[in-house]
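Dear colleague,

I am passing on the structure that we spoke about, and below it you will find my notes. Please keep it open beside you as you read.

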Amino acid sequence: MTSFEAFYRDEYRGMLGIALALVDGTSAAEDLVQEAFLSAHRRWDRVSQYDSPRAWVRRVLINRATSMRRRLASEWRAVSRVGPPEPAPPDLTPETTGVWRAVRELPRRQQQAVALHYVGQLSMAEIADAMGCSEGAVKSHLHRARQQLRGSLAAWNEEEF
Amino acid sequence: MSNVDQILQRAADDTRRAAMQRWPAPMETRRPARPAWLAFAAAFTLVVVAFGLIPLLAGTGERAPLGDPTPPTAPLVTSSTVTETTVGSEPTGSCPSSELPAPQTVEDLPGAVGETRDAIIAAATACDFDMLENIAGESISTSFAGGGSENLSIWNDKGLDPTVTLLHLLDMGHATIPGPAGEIYVWPAAHAYETWEQVDQDDLEELARIHSEDELDSFASADGYLGWRLGISEDGTWLFFIAGD
C-alpha cells in the first residue's frame, strides 16, 4: 500500500496544474488541492485500496472546483466593492491566465474535460473515470469546448498577443 | 492541430511549468492543538466541579444503591440546547436532521417513488449513511464527486450535512419532468420550471431553507433554479441529488 505522504508528494503538482486551470488564483488553486488531498487523507485506508487513488482524488478536485468558484465569486463580489481588482496570478503568463478565464466561461463539464485533457494530460478513459461519464461524452465535451472557444479565444488571441 | 488547440496546449504547458515550481504545501492533517488557555479552563472547570460535589455528597451521606435498575436523569447541555434526557443515552445533536420535523406525507406519488422518498427520509432522519448509500445504488449522480453512491460521504468533508438538505428538499413541493424512461419526480418543484419567473413566494420561502439570499439572487440572474435538487424515477430509482449547472 502506498503511503499517503508518497501519494501526496507524487500527485501534488499534477493536481495543482489542473486546479490552476479551474479556479482563478494560485492560492485558491492550492486551497482546492489541499481540500482534495485532505479528503483522501481522511479515508486513506479505503482510498488507497482503490484501483486508482489518483483518479479518485482528481474527481474530488474537479467537483470541488465548482463549489469553490461559487464561494470565491460571492466573496469577490463583497471585496470588489471596497478594493482594487485582483491582480493576475504571478505564476502564469497573462496569455495563460486569459485562456483559463475563457475556459471558465464554458459549461462546467466542458471546463473539466479541457483541464483534465490539456493540463492533466490524461487519456480519454482516465478523464471519463474522473468525470464519471463515458469516453464518448468526454469527446463530446471537448469538441463543444473547442467549438465555443474558437470564436471567443481565436479573435481575442489575435488582439491580445 | 487547430489554432484553439495550440492556444490550449500552450496555456497547459505554461500551467504545468508553474505547478512544477511549487512545492507541495505542508498538509494540515492533524487536529490543531488546543490553545493553552483552553486546557487551563478545562482543568479549572474540573476542579470546581469536583469541589462542588464533595459537600453535596457529604451532606446527604447517601449513595445510590448498587444495581439500581432505574437510570438517573439529568439535563444534558449541548452547544445549542438544554434537553432533559437519560444519562448514558445517545446525546442529541449528533444527528442534526433528527431534530427536524418529519416531512409531510405526500399522497399523490406513485408507489415506488413514495417508497424511495420514505426510505430516504428514514435514512436521513437517522443520519444513516450506509442506508442512504444503499438506497442511492451505483447509478446516482451526486455533486462533489461526479456520481456513485459512495460519494455521498464526501458531503461530510464540505462541512455540510446532506441529511438536513435531503429532509428540507423532500418536504418541499415536487413536480415531474420527462426522463428517458418515463417521468422523473423532482424536488423542489422549482427545478421543473422553465423560467425563474414561475417561482412564487411560497417556493421562495421553501428554497430559503437551503439557500442563501445571494444564491437565490444568482438563480434569478441565471433565470432558472440551479440549487439542490433530487430526482426519483417512476420505478423508484434515486437518480440524482445535485446542485449547480
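A residue is called buried if 20 or more other C-beta atoms lie within 10 Å of its own, exposed if 12 or fewer, and partly exposed in between, with the C-beta atoms placed from the backbone. Helices (H or I, at least four residues) and strands (E, at least two) are DSSP runs, numbered from the N terminus.

This is a predicted model, in which local features need pLDDT of at least 70 and side-chain atom pairs count only at pLDDT 80 or more, while totals for chains, interfaces and linings use all residues. Residues are numbered from 1 along each chain as its sequence is written, and chains are lettered from A and ligands numbered from 1 in the order in which they are written.

In helix α4 of chain B, which covers residues 129–136, the buried residues are L132(B), I135(B) and A136(B). Seen down the axis of α4(B), these fall within an arc of 100° (taken from the directions from the helix axis to the C-beta atoms), so they line one face of the helix. They pack against α3 (111–125) and β7 (238–242) of chain B, whereas the face turned away from the buried side carries the exposed D130(B) and N134(B). Just after α4(B), G137(B) has a positive phi of about 65°.

As for confidence, chain A has an average pLDDT (the predictor's confidence in each residue, from 0 to 100) of 81, and 79% of its residues score at least 70. Over residues 84–88 of chain A, however, the pLDDT is below 50. Where pLDDT is low, the predicted coordinates should not be read in detail.

Technical notes
Two residues are in contact if their C-beta atoms, placed from the backbone, lie within 7 Å.
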